[in-house]
Amino acid sequence: MLLTKSLTSFGRYWVFMSRVFAVPDKWRVMGSRTVFEISKLGVDSIPLVMIISIFIGAVIAIQMQLNISSPLIPAYSVGLATRDIVLLEFSNSILCLILAGKVGSNIASEIGTMKVTEQIDALDIMGVNSANFLVLPKVVGFVLFMPVLVAFCIATSLFGGFAVALFTDIITVSRYVYGIQALFQEWYVWYGFIKSLFFAYVIASVSSYFGYYVKGGALEVGKASTNAVVTSSILILLLDVVLTKLLLQ
Amino acid sequence: MIEVKNVTKSFDDKTVLHDVSCVFETGKTNLIIGQSGSGKTVLIKSIVGLLHPEQGEILYDGRDVMRMSHDQVKELRKEIGMLFQGSALFDSETVLGNVLFPLMMFTTMSREEQLERAHFCLDRVNLKGADSKFPSEISGGMQKRVAIARAIALNPRYLFCDEPNSGLDPKTSILIDELLSDITHEYNITTIINTHDMNSVLGIGENIVFINKGHREWVGNMNEIYRTSNEALNQFVFATQLFQRVKQYVISHEQPHP
């Protein structure tokens, strides 16, 4: 029963995506809606990304110092480990799990509310491909802006670690700065960006799917929102394993 | 003219419409009436193509919508305007933005022409000075009028209204009814109104289709309805004492047929 339900949902998701990726009725309208979604889903997420990143960066630096303090390990390792954790996992996977909560629930509840208030029916009656009109700008806008969020996350996380070095005595500023530059591998940055693009697509498309197929009222919109966040998070974690295997080995 | 021929629609094991046939005439306010759960919303949604009946034909001036290709349906929908029960205005758009939307999506008009047409439609529904307001900032009656303005923006040939008076006070309901009736006659469009508002039935029902338990039970107009022998229809339309008195008054004051 569960398997049948899962397969049905999986099939319906791809049918939905085929409608989403149809040619837009008006490119100009699509363009302006994409800019609007970049602003709403991406730019509006910058403050949250910065606040979380600065604190997590600081915490990672402190924990690294506590865990790897040994005369055999050079002091700059704190900076190096902080940088690599941020680049490899926090700035993409963990950030996207957080954004699945913020952006995913926003998308699912917005589209779900449009569904139960017949706004989507109104679009369909007019002859507008509602899936394409509503979802494509969100997917494109969020995927396009995700690298910017990742870049903000990396910068502010490293700044969080720097603040620990500056305001506490657990590591010196010079050793931290040296550490975040030591043994730098550029591929790690690209690896983070590539993963984040997949995760952004999952967040925007899966949340839209759950919102679009809501039936009922406010209660169901809430459930759809929760399901969107949970499913997106699980898929992000699953993809994380697959992409890490493919990109790092 | 819209013809519905032998339409049957089921959900899982439950048949909601049983072999329904009826005709909705051009230039008239056509009403679909019936109790809640009788199948009238399913009928109107089947006619506009939001639901797909298992069998039957739905002809828009001879064009069978159930045999049209996707592109043909898309073209047909540009000839359709629809007023939803809850207005279905786009929350993120202003009043003007809502009326401009179909013009922006489906016409090659310049921005000035679009604005001129949108203002004309808003004036037609007696809505001035609310251009920049959002749907949440205006009353239910005003929302209905914005929805009507949006529905007529593209000069539709067919106008569908799903319970346009629900949630409105009697005075506003009458205004909406008069507006729909005036627009129907003025633009000679085929209007189908799904309602269980008795004021609408007796006020603007030029062609009434009564649906009961998924069956089309009666067809007539607002004058004929007073003399119907259909028991279910009598119980539905003249359920209150007020309407029973209206019926008695109308029958007793009617001129005898020669």
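Helices (H or I, at least four residues) and strands (E, at least two) are DSSP runs, numbered from the N terminus. What you're looking at is a predicted model, where local features need pLDDT of at least 70, side-chain atom pairs count only at pLDDT 80 or more, and totals for chains, interfaces and linings use all residues. Residues are numbered from 1 along each chain as its sequence is written, while chains are lettered from A and ligands numbered from 1 in the order in which they are written.

**View 1. B:Thr108 sits in a loop of chain B.** The loop runs between helix 3 (95-106) and helix 4 (111-124). B:Thr108 counts as exposed because it has 5 other C-beta atoms within 10 Å (exposed means 12 or fewer, buried 20 or more, partly exposed in between, with C-beta atoms placed from the backbone). From its C-alpha atom to that of B:Phe11, 97 residues apart along the chain, it's 40 Å.

**View 2. Here chain B meets chain A.** On the B side 14 residues are in contact with 13 of chain A (contact: C-beta atoms, placed from the backbone, within 7 Å). Helix 2 (70-77), strand 6 (80-83) and helix 3 of chain B each give two or more residues to that side, with helix 3 providing the largest share, 3 residues.

**View 3. Domain 1 of chain B touches domain 2 of chain B.** An automatic or database domain assignment sets the bounds: domain 1 is 2-79 + 156-253 and domain 2 is 91-155. Their centres, taken over C-alpha atoms, are 26 Å apart. In this pairing, 11 residues of domain 1 are in contact with 10 of domain 2, and helix 6 (residues 170-187) supplies the largest share of the domain 1 side, 5 residues.

Technical notes: Two residues are in contact if their C-beta atoms, placed from the backbone, lie within 7 Å.
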